[in-house]
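Colleague: I have a structure here and some questions about it. Could you take me through them one at a time?

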Amino acid sequence: MSARSRSVLSRSAFSRTVLLAGVSVLALSGCTAAADETETTSPDAAAQSVELSNCGFDVTFDSAPERVITIKSSTTEMLLALGLGDRIIGTAFQDGPVPEQWASDAAGLTSIAERVPSEEAVLDLEPDLVFAGWESTFSADGAGERADLTSLGINTFVAPSACQSAEQPEQLSFDNVFSDIETVASIFRVDATEIVDEQRAQLAAIDANGDSRTALWFSSGSDTPYVGAGIGAPQLLLDTVGLTNIAGDIDSTWAPFNWEAVVDADPDFIVLVDAAWNTADSKIDVLEANPATANLSAVKAGRYLVVPFAASEAGVRSVDAAESLSAQIAEFDG
């Protein structure tokens, strides 16, 4: 997808009825523009409520949010991709730099916490929405309980494909990913048609060149590796490029694994998740320092595939992540 297409969405009005998790979303209409332009919303759209069940928690948006705190890069980048960067009043727990196509829109964003912010820090900014990439963000010792924030007039929303307590996809698909984008767009009364159509076309062009070779998705950990398992974004991305996940039989999105199983599998590739707080290089150090993993074929040959953390979670960078993995495999194959 071109940088232009990621930053500027369709400006035409739209009207539709969305049905999500058995909850009806009233007909919406509106338009969107790039973050540095004036955004307009029709009076009819502004008057409608959007009602959703989100990880089993009912939320109602009587109007498009104007003051948003985003927690995790995936949520920040979702709003930037939809041309809504001007709604973000604070960010937290960012996993790495914003991609070039959104960098200018993100330049003025303010970080309020390196990790999950406190409820006090959230309340100080007087947001009307806290948009989180992880459900665990909303806790008494985190950004606040969802019910408590709601009672204070602050809406909460979790990226739907990140739900764990309820409504978790049985097996994440790109239909889920695109539905997430459309759902967030509906909350803000903007149209995601163009970005979703372009991502579908980009996805269709990706070469599944993994040829069923095996891979370990190494997210974090040293004594115990935390890996991409069989039902979440890591599995989706590996399937898309034709790689076989050695932890694919674990019914979870991410899960603890063990080095003995890794050694037994001796994967052809190791996918390293690169985060500002846990870099790909640090994972290579872990692999090379452990006598058992140092002898893995992929480690000795340096067959590492790298995915930025934000792109490893379901969202607007998922298709880019799959495309990048395929290109990295092609480089190793010559």
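Colleague: How far apart are the end C-alpha atoms of helix 14?

Modeller: This is a predicted model, so the values are computed from it. Helix 14 covers residues 318-333, which is 16 residues. At 1.5 Å a residue, helix 14 should span 22 Å. The distance between its end C-alpha atoms agrees with that: 23 Å.

Colleague: Which residues of helix 14 are buried?

Modeller: Buried means under 20% relative accessible area. In helix 14, that label goes to Ser318, Val319, Asp320, Ala321, Ala322, Leu325, Ser326, Gln328 and Ile329.

Colleague: Which residue follows helix 14, and what is its phi near?

Modeller: The residue after helix 14 is glycine 334. Its phi is positive, near 75 degrees.

Colleague: Where else is phi positive, in a residue other than glycine?

Modeller: Take the loop between helix 8 (193-204) and strand 10 (214-220); serine 212 lies there. Its phi is near 65 degrees. Another loop joins helix 10 (259-265) and strand 14 (269-274), and it holds aspartate 266. Phi is near 40 degrees in aspartate 266.

Colleague: Is serine 212 buried or exposed?

Modeller: The cut-off for exposed is over 50% relative accessible area. Serine 212 has 57% relative accessibility, so it counts as exposed.

Colleague: What does aspartate 266 count as?

Modeller: Between the buried and exposed cut-offs, 20% and 50%, a residue is partly exposed. Aspartate 266 has 28% relative accessibility, so it counts as partly exposed.

Colleague: Now threonine 156. Is it buried or exposed?

Modeller: Threonine 156 lies in strand 9, residues 155-158. Its relative accessibility is 0%, so it counts as buried.

Colleague: With which side chain does the side chain of threonine 156 make a polar contact?

Modeller: Leave out residues up to four places away in sequence, and threonine 156 touches residues including Asn54, Phe57, Leu129, Phe138 and Arg146. One of those touched is also a polar partner through its side chain, at 2.7 Å: arginine 146.

Colleague: How many residues line the largest pocket, and which lie nearest its centre?

Modeller: The largest pocket has a volume of about 480 Å³. By class, its lining has 13 nonpolar, 11 polar and three charged residues. The lining comes to 27 residues, and nearest the centre lie Trp134, Gln164, Thr253, Trp254 and Glu313.

Colleague: How many cavities of 30 Å³ or more does a search of the whole structure find, and what volume does the largest have?

Modeller: The search finds one cavity of 30 Å³ or more. The largest cavity has a volume of about 50 Å³.

Colleague: Which helix gives the largest share of the lining of the largest cavity?

Modeller: The lining residues are Ser74, Thr75, Met78, Phe131, Ala159, Asp180, Ala314 and Gly315. By class, four are nonpolar, three polar and one charged. The largest share, three residues, comes from residues 73-81, helix 3.

Colleague: Last, the whole chain. What percentage of its residues count as buried?

Modeller: The chain has 14 helices and 15 strands. Among contacts with a separation of 6 or more, 66% join residues 24 or more positions apart. Of the 334 residues, the share that counts as buried is 54%.

Technical notes. Residues are numbered from 1 along each chain as its sequence is written. This is a predicted model: local features need pLDDT of at least 70, side-chain atom pairs count only at pLDDT 80 or more; totals for chains, interfaces and linings use all residues. Side-chain values use heavy atoms; hydrogens and water are left out. On a 1 Å grid over the protein atoms alone, a cavity is a set of points where a 1.4 Å probe fits but cannot get out, and a pocket is an open set with protein on both sides within 12 Å along at least five of seven lines; lining residues have an atom within 4 Å of a point. Grid points are joined across faces, edges and corners, and a volume is the space filled by probe spheres set on the points. Ala, Val, Leu, Ile, Met, Phe, Trp, Tyr, Cys and Pro count as nonpolar, Asp, Glu, Lys and Arg as charged, and the others, Gly among them, as polar. Helices (H or I, at least four residues) and strands (E, at least two) are DSSP runs, numbered from the N terminus. Buried means under 20% relative accessible area, exposed over 50%, partly exposed in between (1.4 Å probe, protein chains only). A polar contact is a pair of N or O atoms within 3.5 Å; within protein, one must be able to donate a hydrogen and the other to accept it, and residues adjacent in sequence count only if both atoms are side-chain atoms. Contact means heavy atoms within 4.5 Å. The expected span of a helix is 1.5 Å times one less than its number of residues.
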